[in-house]
Amino acid sequence: MNSIQMFQVFPKVPEKLAFLEKLLRNLWWSWRIDAVELFRRINPRLWEKSGHNPMLFLTLLSQKRLEELSCDEGYLGHLNRVERLFDRQVLSEISESDSFNIYKNSIAYFSMEFGIHESLPLFAGGLGVLAGDHLKAASDLKLPMVGVGLLYRFGYFHQILNHDGWQQEAYPETDIFHIPVVRAKDSSGKEIRFVIKGANEDINVVVWEVKVGRIKLYLLDTNLAGNSEKVRQITARLYQASSEIRLAQEILLGIGGMRALALLGIFPSVCHMNEGHCSFLSIERIAQIMEKYSVDCGTAKEIVRCSNVFTTHTPVAAGHDEFTKDLVLPYLKNFEKRLDVSAEEIFSWGVVAGSEHDNLLSMFVLGIKIAKECNGVSMLHGKVARKMWAFIWPDLPEEEVPIGYITNGVHMTSWVSIENAILFERYLGPDWYAKSSDLKVINCIDQIYDEELWRARDMSRSRLVRAYRNIILKNYTKENAPKSLMKQVESVLDPDILTIGFARRFATYKRADLILRDFERFKNMVCSKEYPVQFIFAGKAHPKDDAGKELIRRIVEVSKVPEFKNRIVFIEDYDINIARLLVQGADVWLNTPRRPFEACGTSGIKAAANGVLNVSILDGWWCEGYSDSCGWSIGTEQEYSDNVYQDDVESQALYNVLENDVIPCFYDRDYGDIPLNWIKMMKESIKMALGRFSAHSMVVKYEEKFYSSAQKRFEQFTSNDCKEALEMVKISKRMSMLWGNISIEQPVREAEGPFKVGESFCITSIVSLGKLMPEEVDIELCMGRLKDVDSLSDILAKQMDVKEDLGDGRYMYSCFVDCIFAGRYGFTSRVMPKSELGLRYMPGLITWA
């Protein structure tokens, strides 16, 4: 049949329940326990059947049940409480007393994926969940932000394991009528539609809107009747293998995303790129600024650079997208007229000069070249990123490469169990999640009765066990399994024994099988009669990653060993709901990545916030969060070149910490039925996670370090006919043109030494600046501890001042060095642009003695 037109019929909601329809269309409900309970209490069985999707849930309810609820005083009271909270947190106007009322324009947050709730399948893993938590926290904080992403028709795959435990992938289509999206419209009520010139054909685009509390998330979609099947595939699946489709997705996200915002009347003062997939937004943004402010490409590019923020999540160079020139140039040619530059020049923005891969456009390089602020997602990851990308700034010491860090945080109310949330409200106050950085508030965790906290732990563990049994029963029912097999499900997992969770993407560097390396020691732990342990695994491997799939198969194979029956399980089709159950219900969160390849690892933070104790390699966030009062480390901070040796050493360290510390601590019940030392560590874990790693704190750091300064620069550069931006470009051109004439002689010290602590000495250096003036440059003495004859560590850059004008552009600079600590030191000197000019880390503008 052709030309089928669709329509959807929903139940008629009684007037007294009208707020339900408003609520289900805003994902704010997903992080408010009272709001979730508002749906669940209507019919718990149907709520589970709907996959916690209120729009689908409503279609499953009978009209009779809705009429009953409209007469239920208890339910109506609950409804009214949630509505008042919704009005206060979502609908209230931003007042002068609100922290972020200074923004005249929105911050635009771009991401390839958004993991907000399991009912909206637009995510693959940690990157998307982090993006979802970022939007939620921005909503809670009333930060003026919009999100931009893609609407995937089939999302990321659903995992199915065959009888042998081999992962297979299914891609069920998302029913657009069962997710809270509406067509985005402009101020006149017209639907947002536009066309992007593709490599071979036009790409017709429509825009959808999702409400995430106060935040609007705009999703671009090419699944339109007017598009060819090839173009419709652009928004079919997340992270497609085809380079051609992957490029089209990133063009759509960046270029299409900026065009969608313009058509909506949104002109952001700050754009935040969540990983390199979004980097094409800079090209479209430059074009829009040229048109809006009537400036040339160089000036517009400087305005964009000074107001872009770039976050990288990938600690492996191979994980960053690169595209060949023949694929990219057809898209860039469409900008030649708008930007008044060649497609080849635009392409060069994503290439490092002199690179051996000058025919590949790097999305990381494109992103960071047109962003003043760049960060990794943990302290260690920032260091790894500086080392990985140091070649972009070949003249800078690695530790000065301009990539900082803001450690990821998690949105606490999305991940904390209902039992813990009730305790936090009682002891910390109703707005505990908003005050988690207040030490006085956080220390109230210590006031929670040990018995209450342990009861909450028991309930969360029992819920996890029940959920897994239900999953198994559901699968057996589908397979028409015999009753005897169905009966055995009742003994799968034990709700009263030590439960260790391992859930994450199954990539080889995450080493899910490290715990299996010494099989006898593993067997002795699991099969112990006195101190039993059970393991719950979950996670997906990338569809093309056979090595990751083999890890899953190996875990499933081990779970079938008769001695391990009911003690080792693998939960199929890992998603946000299963993640929530695991980080709430496990006792121990196991993390065994190969250091330093874990960028952050937020699942451990979610677990810690629920009082789950981490047992982890010192990688990602755990390098900052670890102390022996709140968890355990596996091994030390050592990094290895021999993977086999590393696995041997760290697997033994893992067995040692489990056998000697973790298991005895859990079963130490000398003072009754509860493990007092374990509970003490639980409280420290909760305080650490809530106090230091919340998404609210993370977003505040982004605002304080990046957003506010980027917004100020944008306003400065776009006011007064872009006078300051034009001046910046003029200075930049002058610097680039004259920098080659600079030279600096080796610094000379007034005394040879050796020196003693407390002494000081003078160092001078003669500099030839050519036609540049002293007020345009910084002359710095760089000193630090001597690593070897060619390098220093712990570098301190000290300003040198003009001591004498020697004429003809030559100057003598000097400074004093104070000897504070004993040791072997080295020094040299350099010339850089004056820091106030904003060109300090521009590649090529640095000269060493």
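In the predicted model, the second largest cavity holds about 40 Å³ of space. Its lining is formed by Thr407, Asn408 and Gly409 together with Arg692, Phe693, Ser694, Ser697, Met698 and Lys701. Helix α29, spanning residues 695-718, gives the most to this lining, with three residues. By class, five of the lining residues are polar, two are nonpolar and two are charged.

The structure contains three cavities of 30 Å³ or more. The volume of the largest cavity is about 60 Å³. Residues lining the largest cavity are Trp393, Pro394, Asp395 and Leu396, Met832, and Arg840, Tyr841, Met842, Pro843, Gly844, Leu845 and Ile846. This lining comprises nine nonpolar residues, two charged residues and one polar residue. Asp395 and Arg840 are the charged members of the lining, because Asp and Arg count as charged.

Helix packing was examined for α11 (residues 297-305) and α30 (residues 723-738), whose axes lie 9 Å apart at an angle of about 105°. The two helices are therefore roughly perpendicular, because angles of 65 to 115 degrees are assigned to that class. On the α11 side, the contact is made by Gly298, Thr299, Glu302 and Ile303, and on the α30 side by Ala725, Leu726, Met728 and Val729. By class, the residues in this contact are five nonpolar, two polar and one charged.

Terms used:
Residues are numbered from 1 along each chain as its sequence is written. This is a predicted model: local features need pLDDT of at least 70, side-chain atom pairs count only at pLDDT 80 or more; totals for chains, interfaces and linings use all residues. Side-chain values use heavy atoms; hydrogens and water are left out. Axes are lines fitted to C-alpha atoms, for helices over the stretch in contact, and angles run from 0 to 180 degrees between N-to-C directions. Helices (H or I, at least four residues) and strands (E, at least two) are DSSP runs, numbered from the N terminus. Angles under 35 degrees count as roughly parallel, over 145 as roughly antiparallel, 65 to 115 as roughly perpendicular and the rest as oblique. Contact means heavy atoms within 4.5 Å. On a 1 Å grid over the protein atoms alone, a cavity is a set of points where a 1.4 Å probe fits but cannot get out, and a pocket is an open set with protein on both sides within 12 Å along at least five of seven lines; lining residues have an atom within 4 Å of a point. Grid points are joined across faces, edges and corners, and a volume is the space filled by probe spheres set on the points.
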